[in-house]
Amino acid sequence: MSTYKSPAIRRYTIRLAVLMSLYVMLIFAAGWTFRHSDIAGLPAFALAIAPALPIIGVFWAVMRLLVEESDEYIRMLHVRQCLFATGFCLTVMTIWEFLQNYDLVPAGNGGFGAAFFWFVGLGLGAVYNRATMGAIGGSA
Amino acid sequence: MKNRLKVLRAERDWSQSDLADHLQVSRQSVNAIETGKYDPSLPLAFRIADVFGLPIEEIFLREG
């Protein structure tokens, strides 16, 4: 086993853990506050947006991973994964939008927004990398 | 692009992991380059050449 351990992957993992912990705390805090108080106006907007911030943070963490990864082959795998995720997300959201335009599916997204499908796309992108390049990235 | 990495490794009795350690890259990278799935950048190609003490053109060969 190679002794190469990607410092970029390590930083990404720590950032992801912190951001996901923040997300869980904020989503429960926002839900509880909206159910148990009559918050309105600007504070309500701020509270509603708060759980989105760690999700945006994850986008930042992924982009930092692309910048900080020093192994060019692993970086290329990450870039392919992100491009696959972006294409997958745009495809799903575009189809969904047209289905809604013609009232074939209900309005709203049931909590499954663009970020959800982008993250699903990252997972599928790893499978795509495995199938076409024989590797999914990482530091092994 | 074709390359002679496997032969050059064998001459030195190095595993892919050994070469990866010399280059400070992952074993996956060495495997991808060696099997022709990935062509290294010019800076990495020079590092590979330095590790083997050979000119780049004695490691990487033109197709056909």
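# Briefing on a predicted two-chain model

Read along the sequence, chain B follows the pattern β-α-α-α-α-β, which amounts to 4 helices and 2 strands. The model is a predicted one, and every value below is computed from its coordinates. Chain A, by contrast, has 5 helices and 0 strands, and its elements run in the pattern α-α-α-α-α. The radius of gyration of chain A is 18 Å, well over the 14 Å that the globule rule gives for 140 residues, so chain A is more spread out than a compact globule.

**Overall form of chain B**

- For 64 residues, a compact globule would have a radius of gyration near 11 Å, and the 10 Å found for chain B agrees with that figure.
- Taken along the principal axes, the C-alpha atoms of chain B fill a box of roughly 30 × 20 × 20 Å.
- Buried residues make up 23% of the 64 residues of chain B.
- Among the contacts in chain B with a separation of 6 or more, 51% are accounted for by residues 24 or more positions apart.

**Overall form of chain A**

- The box filled by the C-alpha atoms of chain A, again along the principal axes, is roughly 55 × 35 × 20 Å.
- Of the 140 residues in chain A, 17% are buried.
- Where contacts in chain A link residues at least 6 apart in sequence, 73% of them join residues at least 24 apart.

**Domains of chain A**

- Chain A is divided into domain 1, covering residues 1–70, and domain 2, covering residues 71–140, and the centres of these two domains, taken over C-alpha atoms, are separated by 19 Å.
- The contact between the domains of chain A involves 11 residues of domain 1 and 10 residues of domain 2.
- On the domain 1 side of this contact, helix α3 of chain A (residues 52–68) gives the largest share, with 4 residues.
- The residues on that domain 1 side divide into 7 nonpolar, 2 polar and 2 charged.

**Contact between the chains**

- Between the chains, 14 residues of chain B are in contact with 13 residues of chain A.
- On the chain B side, the elements that give two or more residues are α2 (16–23) and α3 (27–34) of chain B, and the largest share, 4 residues, comes from α3(B).
- The chain B residues that touch chain A divide into 5 nonpolar, 6 polar and 3 charged.

**Packing of α2(B) and α3(B)**

- Two packed helices are described by the angle between their axes together with the distance between those axes.
- The axes of α2(B) and α3(B) come within 8 Å and cross at roughly 110°; because angles of 65 to 115 degrees count as roughly perpendicular, α2(B) is described as roughly perpendicular to α3(B).
- From α2(B), the residues Q16(B), S17(B), L19(B) and A20(B) meet R27(B), S29(B), V30(B), N31(B) and E34(B) of α3(B).
- By type, the residues of this contact of α2(B) with α3(B) divide into 3 nonpolar, 4 polar and 2 charged.

**Residues with a positive phi**

- D103(A), although not a glycine, has a positive phi of about 55°, and it lies in the loop between α4 (72–101) and α5 (114–133) of chain A.
- With 8 other C-beta atoms within 10 Å, D103(A) is exposed, because a residue counts as exposed if 12 or fewer such atoms are found.
- D13(B) is likewise not a glycine and has a positive phi of about 60°; its place is the loop between α1 and α2 of chain B.
- D13(B) has 7 C-beta neighbours inside 10 Å and therefore counts as exposed.

- I49(A) belongs to helix α2 of chain A (residues 41–49), and its 12 C-beta neighbours inside 10 Å make it count as exposed.
- I49(A) and L99(A) are 50 residues apart in sequence, and their C-alpha atoms are 27 Å apart in space.
- R12(B) and F52(B) are 40 residues apart in sequence, while the distance from C-alpha to C-alpha is 9.2 Å.

Methods. Residues numbered from 1 in each chain as written. Chains lettered and ligands numbered in written order. Predicted model: local features only at pLDDT ≥ 70, side-chain atom pairs only at ≥ 80, totals over all residues. Domains from an automatic or database assignment. Contact = placed C-beta atoms within 7 Å. Nonpolar A, V, L, I, M, F, W, Y, C, P; charged D, E, K, R; others polar. Rg over C-alpha atoms; globule rule 2.2 N^0.38 Å. Buried ≥ 20, exposed ≤ 12 C-beta atoms within 10 Å, placed from the backbone. Axes fitted to C-alpha atoms, helices over the stretch in contact; angles between N-to-C directions. Parallel < 35°, antiparallel > 145°, perpendicular 65-115°, else oblique.
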